[in-house]
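Visitor: I would like to learn what the words used for a protein model rest on. Please take me through them one at a time.

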Amino acid sequence: MGIAKGSPKDQRNSYILPCECGDAITVVASDAGEQSPCRCGRDIAVPPLSRLRTLNGEGAYESSALDRIRSMLAMGSLPAGHNCAISNQPTESCIEFEVICDPLDPPAGPSPFLVMASLLLTGGRMIIWRIPERKRSQEEWDALERIRIPLLVSPKYHKRIKRRAKDQDYLRELLAIVPVYARLVREYPGARVVPVV
Ligand SMILES: [Zn+2]
């Protein structure tokens, strides 16, 4: 990712803009209102200087996917692309997902060791089949970061997503089509994805 190099003056006058591809470009004040190319080949419209300054003040150097998504939302560059995440056909319809950014790993399934131990200890009468889920107090739960992100999905697939609203693997795969969302779910392995339908 580009980070401004050179004198403090250069740094103050350069701005980082997110691209749909998940990368970012560095622009200077004189680029305002122009197009600037990203490595991926896309041309990025550089907003007016006033907007650049606001973005810079909001933390234009983004260290996390969450920050980058927030910045992209503020810029109006999401939803990314032009095509449906399922059919890859052009669509203007989108579905919003709320992502609850839990940094912990998701609850584990049965551990082979526990299954084996319970078989041996109880002669198979009782199988400990699930490790107790991590406990979060309501306070902790409320304190987790949440973000709403839009994804392009043709209207005919909205029902499918509604039907699979609890299938976290499916929803994460779907989101991962957009590079910056892929980064988000990688950074938050325990993130809970909730379609807002
Ligand atoms: Zn790009």
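The talk below sets values from this model against the definitions behind them.

Guide: This is a predicted model, in which local features need pLDDT of at least 70 and side-chain atom pairs count only at pLDDT 80 or more, while totals for chains, interfaces and linings use all residues. Residues are numbered from 1 along each chain as its sequence is written.

Visitor: How many helices and strands does the chain have, and what makes a stretch count as one?

Guide: The chain has eight helices and seven strands. Both are DSSP runs numbered from the N terminus: helices are H or I with at least four residues, strands are E with at least two.

Visitor: Why is Pro-195 called partly exposed?

Guide: A residue is buried if 20 or more other C-beta atoms, placed from the backbone, lie within 10 Å of its own, exposed if 12 or fewer, and partly exposed in between. Pro-195 has 18 C-beta neighbours inside 10 Å, so Pro-195 counts as partly exposed.

Visitor: Why is Asn-88 called exposed?

Guide: Asn-88 has 12 C-beta neighbours inside 10 Å, and therefore counts as exposed. Asn-88 is in the loop between α3 and β5, and has a positive phi of about 60° although it is not a glycine. Pro-79 is also found in the loop between α3 and β5, and a cis peptide bond with omega of about 0° joins Leu-78 and Pro-79.

Visitor: Which residues does Pro-195 touch, and what makes a contact?

Guide: Two residues are in contact if their C-beta atoms, placed from the backbone, lie within 7 Å. Not counting residues up to four places away in sequence, Pro-195, in strand β7 (residues 192–196), touches Ile-95, Phe-97, Ile-161, Lys-162, Ala-165 and Leu-171. Ala-165 is 30 residues from Pro-195 along the chain, and their C-alpha atoms are separated by 6.2 Å.

Visitor: How do you know that the buried residues of α7 line one face of the helix?

Guide: The buried residues of helix α7 (residues 168–175) are Leu-171, Arg-172, Leu-174 and Leu-175. Seen down the axis of α7, they fall within an arc of 160°, so they line one face. The arc is that of the directions from the helix axis to the C-beta atoms. Among the elements covering these residues are β5 (94–101), β6 (145–152), α8 and β7.

Visitor: What about α3?

Guide: In α3, Ala-65, Arg-68, Ile-69, Ser-71 and Met-72 are buried. Their arc is 165°, so they too line one face of the helix.

Visitor: How are α3 and α8 placed against each other, and what are the angle and distance taken from?

Guide: Helix α3 (residues 65–75) and helix α8 (residues 179–187) pack at an angle of about 145°, with their axes 9 Å apart. Axes are lines fitted to C-alpha atoms, for helices over the stretch in contact, and angles run from 0 to 180 degrees between N-to-C directions. Ala-65, Leu-66, Arg-68, Ile-69 and Met-72 in α3 meet Val-180, Arg-183, Leu-184 and Glu-187 in α8.

Visitor: What makes a set of residues a nonpolar core?

Guide: A nonpolar core is a set of buried Ala, Val, Leu, Ile, Met, Phe, Trp, Tyr and Cys residues joined through C-beta atoms within 7 Å. The largest has 26 residues, and Phe-97, Leu-151, Leu-175 and Leu-184 have the most contacts inside it. The elements giving two or more residues to this core are α3, β5, β6, α7 and α8, and α8 gives the most, with four residues.
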